[in-house]
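Please look over this model before reading on. The briefing below takes it topic by topic.

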Amino acid sequence: MNDPMNDPMDGPMNDPTNNRMNDPMNDPTNRYRSPVTDTWPVGPVPAMRPTQRDQREGQVLVATVRRRGRVRRKGRVASAVLAAALGASLAGCSSTGGLRAEQERAAQTAGGKAAVNTPRWTFAMVTHSGDGDTFWDIVQKGAQQAAVKDNIKFLYGHDEEAQRQSQLVQSYIDQKVDGLIVTLAKPSAMKDVVEKAEKAGIPVITVNSGAAESKAFGALSHIGQDETVAGEAVGDELNKRGRKKALCVLHEQGNVGHEQRCDGAKKTFKGTMEKLYVEGTNMPDVQSSIESKLQADDSIDSVVTLGAPFAATAVKAREQAGSKAEIDTFDLNAQVANGLKDGSLGFAVDQQPYLQGYEAIDLLWLYKYNSDVLGGGKPVLTGPQVITKKDAAALQELTKRGTR
Amino acid sequence: MSTTVKASIRDERLLHRSLVRRLMGRPELGSVVGAVAVFLFFALTAEPFLRASSLSTVLYASSTIGIMAVPVALLMIGGEFDLSAGVMVVSSALISSMFSYQMTANTWVGVGVSLLVTLAIGVFNGVLLTRTKLPSFIITLGTFFMLTGLNLGFTKLISGTVSTKSIADMEGFESARALFASHLTIGEVDVQVTIIWWIVLVAVATWILLRTRVGNWIFAVGGNADAARAVGVPVTKTKIGLYMGVAFAAWVSGQHLLFSYDAIQSGDGVGNEFLYIIAAAVGGCLMTGGFGSAIGAAVGAFIFGMTSKGIVYAQWNPDWYKFFLGAMLLLATLLNAWVRKRAEDKS
């Protein structure tokens, strides 16, 4: 993320478990599943040695066979290797995971039919996300699902640079879309275009970041998580678990949202809490930093990471350091859900990105259809939701589907 | 045939060439053809593209790149690169904003200080380059990283956060905004002032290149610096001047950023230097120096603006955005190269 400061959320984590392929909207066909698997020869074909026919021919056509034989032999070797590879890949079928499991999950997602007969409005969403970001992928999925239900044409654009993000918003205004959803990660840069949208009669809803500015800029509602409130929830949960000394791991220096999370936790936590700054783009550094901190101070009984991908790293660091500290984290992904289930993680605090996308579209539709506005001028909070071991099993499937 | 026979006796430089021939030899011709192609393409595929308000958005997007592409093109004609150009824009905005705020000075004072400091960065680049004789790629890569670090370091040190505080309520803000970030409304269409800055810079740069001695020097140092020095061209001064030109445009862009958003993110600007180089290269500037034009760079920036916004107007899936962008730029440049080759064959 180029702009650590104003991205209070966890967009920046490029989670390796990101599953764009999971998208329920473009249901992949089953073409990778061959129905004729049984008819393939399994194992290497013994084609390396010349056959009897070859030898007979070889005696008759002495002159030509040398050249032809070599060519043939090459071809045989190649086909043998190919057959062996095919055989191996078929014999080595995985009964778990992979595309097949994904397709089965996709079949379970909600269907795609409009549930209303309002005109087909066009709503556009412009975020400050970088390319290929798990968090925003989930937001987008929520928005797409709501768009299908509400008979909305959904457009999405994103740029991490403030100037270009505002230009994107401008180009959607030029297209005269019927509603706009924007993130105010860099409020001053977005002020002008948000006001322009209102002047053009386009209702605006802000999501994720910009709770403080949303109302002043004239947006209908703001949907997101209050970082301080989320931090306070962590502090409460730590108290409930009887923790005495916690470590708050910040993976982006100078990110205001991250500071708010740690400060919020510190506020409600009755024990002592220390901050640890690590370099989030460098995982080995994250691990070694946490590890050395745990080694240096064995009274630390809990570690709070601010993003889902860092929880697994903290678990590794704990093992290396031989510490007994509990690892807790903000945000959710498939790995975290697994960790909660197997007990390597204590709890997670989620801000429900799916809800941010889904609600934004739904609220715009409600406004267009019925002039309804939610929130009463206050931000509509999508988090924090505290997730523990008992919720983990249900969420495991949902994180794999890519909607949590 | 008779004319050629006659001409061969006379000095070939005095040879009269038809208007078409002369046009074909211009470096920007290929990019103009590319721009027309891109324009027609989006006019046909993206329905909102032809609206006046959309065109003004496209022009604005083009101008924010174009202002920087002009001096970067001159620099490339002079045979050098500047990788620090992108962050220099943000540095310039940060200096101006923080100086005004911390000194509680009239914003114009900050703007002036920023101009001096930014020009000094340009001089630093130029002097270091001419003194050390290292490739400009290395020198400006160094300044690029240093400026990126300074931007963040100083902003956090002085403001306590990674963005500057708003200077919108300070004296002189409104008049400075009028100069750098206002927009005129013509009919229903907003025309951003950066478009005017852009046109003026292109005109001045074209005049310098084609009508002045300095212009000849720029072509000469880019073509062959040693030969240029041998015939008395002040190579060192020319190159330092070119870097100062980049710094000046960075100052203009930086002030635009500041006065349109009144607070600046210290991490912005990284990567933009390539957009400027792309615009210049698409516009017909050779990567090896000695050939190119300011108008070409402007057309290159326009192609970039049209492509980046056209994709949005065409409502294509943004996941593929960068691919389309790259493909369009490649096609525009290929067309450019093809047209130029044909033109050279004919003349």
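Predicted model: local features only at pLDDT ≥ 70, side-chain atom pairs only at ≥ 80, totals over all residues.

Residues are numbered from 1 along each chain as its sequence is written, while chains are lettered from A and ligands numbered from 1 in the order in which they are written.

**Confidence**
- pLDDT is the predictor's confidence in each residue, from 0 to 100.
- Chain A has a mean pLDDT of 79, and 75% of its residues reach 70 or more.
- Over residues 1–51 of chain A, pLDDT stays under 50. The model has 117 contacts beyond four places in sequence for this stretch. Two residues are in contact if their C-beta atoms, placed from the backbone, lie within 7 Å.
- Residues 54–67 of chain A also stay under 50 in pLDDT, with five contacts beyond four places in sequence.

**Domains of chain A**
- The assignment gives domain 1 (37–91), domain 2 (109–225 + 353–373) and domain 3 (227–350). Such bounds come from an automatic or database domain assignment.
- Taken over C-alpha atoms, the centres of domain 2 and domain 3 of chain A are 32 Å apart.

**Helix 6 of chain A**
- Helices (H or I, at least four residues) and strands (E, at least two) are DSSP runs, numbered from the N terminus.
- Helix 6 of chain A (residues 187–199) has 13 residues and should span 18 Å at 1.5 Å a residue; its end C-alpha atoms are 18 Å apart, which agrees. The expected span is 1.5 Å times one less than the number of residues.
- Its buried residues include Pro187(A), Met190(A), Val193(A) and Ala197(A). Buried means that 20 or more other C-beta atoms, placed from the backbone, lie within 10 Å of a residue's own.
- Their cover includes helix 5 (162–174) of chain A and helix 12 (235–261) of chain B.

**Where the chains touch**
- The contact takes 25 residues from chain B and 23 residues from chain A.
- On the chain B side, helix 4 (52–77), helix 12 and helix 14 (294–313) each supply at least two residues. Helix 4 of chain B gives the largest share, five residues.

**Annotation of chain B**
- An unreviewed UniProt entry annotates "transmembrane region" over residues including 191–210 and 320–339 of chain B. UniProt annotations may be inferred rather than shown by experiment.
- Residues 191–210 of chain B are 90% helix and 10% strand, with end C-alpha atoms 29 Å apart.

Definitions and conventions. Buried ≥ 20, exposed ≤ 12 C-beta atoms within 10 Å, placed from the backbone.
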